[in-house]
Amino acid sequence: MIATGTPAKKLRQRIGELEAQMIERRRDFHMYPELGFDEDRTSRIVEEHLGGLEGITVRRYTHTGIVGVLNADKPGPTVLLRADMDALPVQEETEVPYRSRNDGVMHACAHDAHTAILMTAATILSELRDEIPGKVKLVFQPNEEVGGAEDMIADGVLEDPVVDAAFAVHLWTPLPSGVIGVKAGCVMAGMDVFKLIITGLGGHTGYPESAIDPVITAAEIIQSAQTIQTREIDLMKPTAIMFAKIQGGTKNNIIPGSVELEGSMRYLYDGGPGSVENPGQRLDRIVRGLCEAHRNQYELEIERENTPVINDSAMARVVYTAAVDTLGDRTKVVEHASMAGEDFASFAARVPSCFYFVGTGNPQKRSDYPHHNARFNIDEDTMRTGVEMHLRTVFQYFEYRRKRQQ
Ligand SMILES: [Zn+2]
Ligand SMILES: [Zn+2]
C-alpha cells in the first residue's frame, strides 16, 4: 500500500524530518520517568499530542491510559498499535545528560522510546489517513511491568470500535541494531511465581535424630525440581524453574523449624493449569514426594503472574513482510523469542496479534546492557525503524485484509 500511495522514499523522508523531535521527546520522557499507573505527566503529553492531530479522537482509559482512534467514522477493520509508558524502580547509573531526574525511577526498558515512536507514527498516520481503508487504534498503555494491559481491556480498549488485530514493538538490546526479530507462536514466556514453606521440627545439630530437618529437604527439592525440564517435558519446550530466595535458621548449631523458598517458573509455551506440561503441578508432586520421604510438612502457593505472548501466524507474516520492506534485507529479519514476560499477552490472547522486537544493541553506543539494568540505554537511531515498522504493519495489515476478501 505504501508502495502505491506513498513511496517508501517519501515515507522515510517524512520520518527523517520528525526524527529530531522524536528523540527530544524520548529524552524528555527519560528525564521524567513515572512508575506504573503514575504516568500523569507522560500521558498528559501524549493526550495533547494526539488531540492536535487531524482525524484522531482521543479518550482516556483506566488510570493514565490514552487511546487515539484514527478514522473513527470510517468503515473497515480496526488495527491496534500499542506502546507502553511506565518506568521501573531502578536508580539510573548512566552518565547521559538526559538521565533520570526522578530519584529511584528509571526508563530501563525503553518504554520512553516506545511512547515517542508511537507518537511520531501517529503524526504520519494522521497525514496519511485518507489512504488508510479502516481505523487505527493508538494505545498508550500504563503499567506494562505489572500487567496494566488487563486493566485497559477491562475498561473496554478492545471495544468501540472492536479491534480486529493488534501489534506492538519492543526495542530490544539483546538483538543488535539493524535486526528485527519476529516469529509466529510463543515469543515471550509465561511466568508463575511460587512460595514454599517446608516445616520440620527444630533441634540441636548434635542430636539430629530428635529433630526433623527441613534444610536437607529444601536442598533436595531445589535439585530435583530441575529434572522437570530435563526429564519430564519436551526439551524443545523451554522451562526454567529458578529458586531465587531461600531463608531459614538463626544460628550455626540449631536445626531450624522451617525453611522458606521463593522462585519463579518460566515457560515458552502455553504451560498453564490444564496444559500437558503444567510445570506447576509437577513441582507440587516433587515437593509432596520429598516432604513425605523426609517427614516434613509443606505449603506451596503458586500464582500465575503472566501468560505467554503467543503470536498469530498470519499476523507474524504481516510483520515479517513489513520488516523485510523496512530493512530491505531478508537476512536481517530473524526469529526471536525471550524468556522475559510481557503483558501484551493479554491482547494476544484475545485478538490475532503479533509482538516483535527491533534490535537496539550497539556496543559502540553502550546500548548493549540488559533490560532493567541501571546502565540500560538504547541506540536512538533504531527509533526510526520502530516508526517505519508501525506504519508498514498498518498498511500491510490492510493489504492482507484486502487480499483475503478477493
Ligand atoms: Zn521491562
Ligand atoms: Zn518492556
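Trainee: Why is Glu-388 called buried?
Mentor: In this predicted model, Glu-388 has a relative accessibility of 5%. Buried means under 20%, so Glu-388 counts as buried.

Trainee: What makes Glu-388 and Arg-392 a salt bridge?
Mentor: The closest N and O atoms of Glu-388 and Arg-392 are 2.9 Å apart. The cut-off is 4 Å between a side-chain nitrogen of Lys or Arg and a carboxyl oxygen of Asp or Glu, so the pair qualifies. Arg-392 is buried at 9% relative accessibility.

Trainee: How are Glu-388 and Arg-392 placed in helix α11?
Mentor: They are four residues apart in helix α11, so about one helical turn separates them. Elsewhere, salt bridges with shared partners join Arg-26, Arg-27, Asp-112 and Glu-380 into one network.

Trainee: How many salt bridges does the rule give?
Mentor: The count is 27 salt bridges. One of them joins the side chains of Asp-28 and Arg-41, at 2.8 Å from N to O. Asp-28 belongs to helix α2 (residues 8-31) and Arg-41 to helix α3 (residues 40-51), so this pair ties together parts 13 residues apart in sequence.

Trainee: Why is Asp-28 called partly exposed?
Mentor: Its relative accessibility is 22%. Partly exposed covers what lies between the buried limit of 20% and the exposed limit of 50%, so Asp-28 is partly exposed. Arg-41, at 23%, also counts as partly exposed.

Trainee: What do the side chains of Asp-381 and Lys-365 form?
Mentor: They meet in a salt bridge, with 2.5 Å from N to O. Both Asp-381 and Lys-365 lie in the loop between β16 (353-361) and α11 (383-405), so the pair ties together parts 16 residues apart in sequence. Asp-381 is partly exposed at 36%, and Lys-365 is partly exposed at 37%.

Trainee: How do you know which protein atoms are donors of the zinc ion (ligand 2)?
Mentor: Cys-109 (SG), His-111 (NE2) and His-170 (NE2) lie 2.2 to 2.5 Å from the zinc ion (ligand 2). The limit for a donor here is 2.8 Å, so these atoms count. Along the chain the donors follow the spacing C-x1-H-x58-H.

Trainee: Which parts of the chain do Cys-109 and His-170 tie together?
Mentor: Cys-109 is in the loop between β3 (78-84) and α4 (111-127), while His-170 is in strand β5 (residues 165-176), so the pair ties together parts 61 residues apart in sequence. Cys-109 is buried at 6% relative accessibility, and His-170 is buried at 1%.

Trainee: Which residue coordinates both zinc ions?
Mentor: Cys-109 coordinates both the zinc ion (ligand 2) and the zinc ion (ligand 1), which are 3.2 Å apart.

Trainee: What makes β1 and β2 a pair of strands?
Mentor: Six bridges join β1 to strand β2 (residues 65-70). At least two bridges are needed, so β1 and β2 pair. They run antiparallel, and Arg-60 stands opposite Ile-66 in β2.

Trainee: What is the order of the strands in the open sheet?
Mentor: The eight strands are ordered β1-β2-β4-β3-β5-β16-β6-β15, with mixed pairing. β1 (56-61) and β15 (333-334) each have a single partner strand and stand at the edges, so one side of each has no neighbour in the sheet.

Trainee: Which helix packs on the sheet?
Mentor: Helix α9 (residues 313-327) packs there, touching β5, β6 (180-181), β15 and β16. The direction of α9 makes about 30° with that of β16.

Technical notes
Residues numbered from 1 in each chain as written. Chains lettered and ligands numbered in written order. Predicted model: local features only at pLDDT ≥ 70, side-chain atom pairs only at ≥ 80, totals over all residues. Heavy atoms only, no water. Helix = DSSP H or I, 4+ residues; strand = E, 2+ residues; numbered from the N terminus. Buried < 20%, exposed > 50% of the residue type's maximum accessible area, 1.4 Å probe, protein only. Contact = heavy atoms within 4.5 Å. Axes fitted to C-alpha atoms, helices over the stretch in contact; angles between N-to-C directions.
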